[in-house]
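Keep it short and group it by topic.

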Amino acid sequence: MAKKIEHLSCSECGQLHCYRRDKKFPDHCLTTATDDTQVKAAVETYRGDSLDARVAHAAAEVEGLYYCKISRVEEVVAFARRIDAKRVGIASCLGLVEESKIFAKILRTAGLEPYTVLCKIGSVDKSDIGIPDRLKIRCGTFEACCNPILQAELLNAARTQLNVIMGLCVGHDSLFNKHSDALVTTLVTKDRTNGHNPVSTLYTARMYSRRVLDPEYLKKL
Ligand code: SF4
């Protein structure tokens, strides 16, 4: 028997009525449960002239103009233009450096100023930050740790106005986001087993990737 979910949220919604108001709000709806003043405060923010408002409008404009017409690479260019971000930081994974080079070329061609910092910046061995040798990809060798804090700090020093994540690891991206002064968007989400397309696990969760719905398997991760 399926376990009862204690705190129902949007992932347990069959209506999605908040989008077009063409069905009905479910009993556990987060929209109807949210204080009206909180909704109004968010609306005020989006209607104002703060950076948050400009970003919200730029994102909506890119979506509205280019929905299903251009790639995410092109959307980043369109978004950067609309928030007047000329200096664009690229926080690149070592494994995505060739793609970052192409992306930098595209940004330059668009008249923007890319500035890339690789995840291995500082060249600090994993053992120097307390990571045991057995966790290296190649045990017994020099292997630089990812350094998302320094990566963010160098982009901060370069005064980038928008930073783009190119395949940072899970968790390293969290640290990068935390330490970046500029807004962050993601171009590539690293997923080494899925060609950097993590949603394919979700598409195949009931068939080829069914282990992800096995509690015994997940317990061991
Ligand atoms: S806000 Fe309400 S209607 Fe919208 S997805 Fe969440 S639960 Fe469903």
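**Briefing on the predicted model**

Ile-90 stands opposite Thr-116 in strand E2. That pair belongs to the pairing of E1 with E2, where six bridges join two parallel strands. The model is a predicted one. The points below go from the whole chain to the sheet, the core, the ligand and some loop residues.

**Chain overview**

- The chain has ten helices and four strands.
- Along the sequence the pattern reads α-α-α-α-α-β-α-β-α-β-α-β-α-α.
- The C-alpha trace spans about 60 × 50 × 35 Å along its principal axes.
- Of the 221 residues in the chain, 19% are buried.
- Take the contacts between residues at least 6 apart in sequence: 53% of them join residues at least 24 apart.

**The sheet**

- Four strands form an open sheet in the order E2-E1-E3-E4, and their pairing is parallel.
- The edges are strand E2 (113-118) and strand E4 (183-188). Each has a single partner strand, so one side of each is left without a neighbour in the sheet.
- On average, neighbouring strands are turned by 25 degrees against each other, direction ignored.
- Strand E1 (residues 87-92) also runs parallel to strand E3 (residues 162-166), and five bridges join the two.
- Strands of a sheet pair through backbone hydrogen bonds, either parallel or antiparallel.

**The nonpolar core**

- How much of E1 is covered? Five of its six residues are buried, so by the cut-off of 20 or more other C-beta atoms within 10 Å this strand is mostly covered.
- The largest nonpolar core has 28 residues. Those with the most contacts inside this core are Ala-91, Val-164 and Met-166.
- Seven elements are listed as giving two or more residues to the core: helix H5 (72-82), E1, helix H6 (97-109), E2, helix H7 (148-157), E3 and E4.
- Beyond its neighbours within four places in sequence, Ala-91 is in contact with Val-117, Gln-151, Leu-155 and Phe-176, among others. Val-164 and Met-166 are also among the contacts of Ala-91.
- In soluble globular proteins, nonpolar side chains tend to be buried together.

**Around the ligand**

- Which residues surround the ligand? They are Cys-10, Cys-13, Gln-15, Leu-16, His-17, Cys-18, Phe-25, Pro-26, Cys-29, Leu-30 and Thr-31.
- By type, the shell has eight nonpolar residues, three polar ones and no charged ones.
- Helix H1 (17-20) and helix H2 (30-33) each supply at least two residues of this shell.

**Loop residues**

- Most residues other than glycine have a negative phi, and most peptide bonds are trans.
- Asp-84 is not a glycine, yet has a positive phi of about 55 degrees. Asp-84 lies in the loop between H5 and E1.
- Is Asp-84 buried or exposed? Asp-84 is exposed, because 10 other C-beta atoms lie within 10 Å and the exposed class takes 12 or fewer.
- Ser-123 has a positive phi too, about 50 degrees, although it is not a glycine. Ser-123 sits in the loop between E2 and H7.
- Ser-123 counts as exposed, with 10 C-beta neighbours inside 10 Å.
- Tyr-208 is found in the loop between helix H9 (199-203) and helix H10 (215-219). Tyr-208 is exposed, with 10 other C-beta atoms within 10 Å.
- Tyr-208 and Ser-123 are 85 residues apart along the chain, and 39 Å separates their C-alpha atoms.

Note on methods: Residues numbered from 1 in each chain as written. Predicted model: local features only at pLDDT ≥ 70, side-chain atom pairs only at ≥ 80, totals over all residues. Pairing = 2+ DSSP bridges. Axes fitted to C-alpha atoms, helices over the stretch in contact; angles between N-to-C directions. Core = buried A, V, L, I, M, F, W, Y, C linked by C-beta atoms within 7 Å. Contact = placed C-beta atoms within 7 Å. Near = placed C-beta within 6 Å. Nonpolar A, V, L, I, M, F, W, Y, C, P; charged D, E, K, R; others polar.
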